Amino acid sequence: MYIEPFGIEMWMNEFEDHCKYNLAETCIKSMTISELLTLSGRNENITEELSKMKMTYGEITGSKRLRSQIASLFAKQTSENVMVTHGAIGANSLVYNSLVNKGDKVVSILPTYQQHYSIPESLGADLHILKIEPENNFLPDLSKLKQLINDNTKLIALNNPNNPTGSLMGKEMLTEIVSYARSCGAFIVCDEVYRGTNQSNPEYGTSIVDLYEKGISTGSMSKTYSLAGLRLGWITANPEVLQNVFIHRDYNTISVGILDDYFAAIALESREKIAIRNTKIIRDNLSILDNWVSNEPNISYIKPKAGTTALLKYDFDIPSRDFCIKILEKTGVLFAPGSAMEMEGWVRIGYANDPKILTEGLKKVSEYLPKFK
Ligand SMILES: Cc1ncc(COP(=O)(O)O)c(C=O)c1O
């Protein structure tokens with residue numbers, strides 16, 4: 001089966017370990033296990049608890065303890081609606097491989113995480129792209145979306161909050177999209193891996209699965225919870241969808257690691273504390289970025305409303321890949337080129353890493369930018 005190479009993952013594989021200031025990374029400053037245990041008050045007896053664990057496959061769809069924690073991230077879901085996966089990347093892959101057949105009409109926004117259009121395309125879907133544009137604050141133009149949907153539409157793929165733009169669809173917009181999907185019985189798959197990272201709204205964010213009976217939400221511990229090393233994600237959907245996914249999951253997952261499951265449960269049980277830590281990081285860091293952008297005459301952006309990334313528009317006449325490589329060579333700062341996500345002329349910054357790395361990295365870039373003139 002042919003599949004398009006995954007632009008952003010290839011870029012990260014090539015350069016992530018060769019930079020001094022990683023401003024391409026999309027996690028909120030990752031935690032150590034020690035930080036997690038301190039934050040959750042579990043430092044004592046942990047070694048004893050871990051050493052007693054029998055290294056079996058564990059509960060196949062994820063432990064009840066973990067699934068009930070994941071279910072509690074939603075307004076109307078129970079553990080029966082949750083399936084644990086290898087990261088959100090495993091969740092997305094399973095969902096498309098389970099639902100999309102050759103010839104099925106799939107509508108995806110762009111830019112987005114490439115899985116959402118390249119996997120359906122590789123499965124032979126009749127793919128339709130809706131570009132989200134800076135003129136519309138990187139939100140979907142609903143009249144254009146409506147035109148793309150007809151009785152044959154099998155699935156609509158969203159990513160909310162959006163990587164790379166940092167745009168955020170609220171309940172009203174999602175409800176409108178649900179009404180289009182319901183009119184033709186289409187599924188809505190919404191990658192919600194950045195859910196809970198809003199800049200101003202105190203709410204956690206509306207999930208598609210709470211709005212729509214054919215809504216499917218994917219998420220993980222990687223971004224909002226700063227624990228990408230667990231490689232733990234989930235699919236939240238109605239049991240019928242999950243049964244179908246399960247047939248595929250048996251072939252490529254069996255279960256997730258029980259240590260991953262265990263630490264994820266501890267983290268979600270302490271999620272208010274993680275939220276306090278992480279909200280501070282993303283809000284403080286965005287104000288550092290915002291200040292930097294407003295002082296850079298050749299850089300502009302649409303200020304993100306959520307997530308951990310933003311697209312920066314530069315007005316130099318150079319392809320984004322060359323621009324990023326030059327900056328990396330001369331300053332040690334890693335951005336991600338727009339060309340890796342079909343957004344030539346832009347670069348993506350991940351601004352939620354360590355504030356010191358962000359501040360120093362941006363300073364280095366400022367010193368070098370005049371050389372592009
Ligand atoms: C939108 C989106 N979905 C999914 C993933 C994969 O995340 P995970 O680490 O949970 O597999 C990423 C990672 O960058 C992402 O940005």
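User: How is the protein chain divided into domains?

Analyst: In this predicted model, domain 1 comprises residues 7-33 + 273-372, and domain 2 comprises residues 44-271.

User: How far apart do the centres of domain 1 and domain 2 lie?

Analyst: Their C-alpha centres lie 25 Å apart.

User: And how many residues are in contact there?

Analyst: Contacts are made by 29 residues of domain 1 and 31 residues of domain 2.

User: Which elements supply at least two residues of the side of domain 1 that touches domain 2?

Analyst: These are α1 (7-15), α12 (271-295) and β10 (309-314). The most comes from α12, which gives seven residues to that side.

User: What is the make-up of that side by class?

Analyst: The side of domain 1 that touches domain 2 has 16 nonpolar residues, together with seven polar and six charged ones.

User: Turning to the open sheet, what is the order of its strands?

Analyst: The seven strands follow the order β2-β8-β7-β6-β5-β3-β4, and their pairing is mixed. At the edges are β2 (82-85) and β4 (126-131), each of which pairs on one side only.

User: By how much are neighbouring strands turned against each other?

Analyst: The average is 20° for this sheet, with direction ignored.

User: Do β6 and β7 run parallel or antiparallel, and how many bridges join them?

Analyst: Strand β6 (residues 187-191) runs parallel to strand β7 (residues 215-220), and four bridges join the two.

User: Which residue in β7 is the bridge partner of Ile 188?

Analyst: That partner is Gly 215.

Notes. Residues are numbered from 1 along each chain as its sequence is written. This is a predicted model: local features need pLDDT of at least 70, side-chain atom pairs count only at pLDDT 80 or more; totals for chains, interfaces and linings use all residues. Two strands pair if DSSP finds at least two bridges between them. Axes are lines fitted to C-alpha atoms, for helices over the stretch in contact, and angles run from 0 to 180 degrees between N-to-C directions. Domain bounds come from an automatic or database domain assignment. Two residues are in contact if their C-beta atoms, placed from the backbone, lie within 7 Å. Ala, Val, Leu, Ile, Met, Phe, Trp, Tyr, Cys and Pro count as nonpolar, Asp, Glu, Lys and Arg as charged, and the others, Gly among them, as polar.
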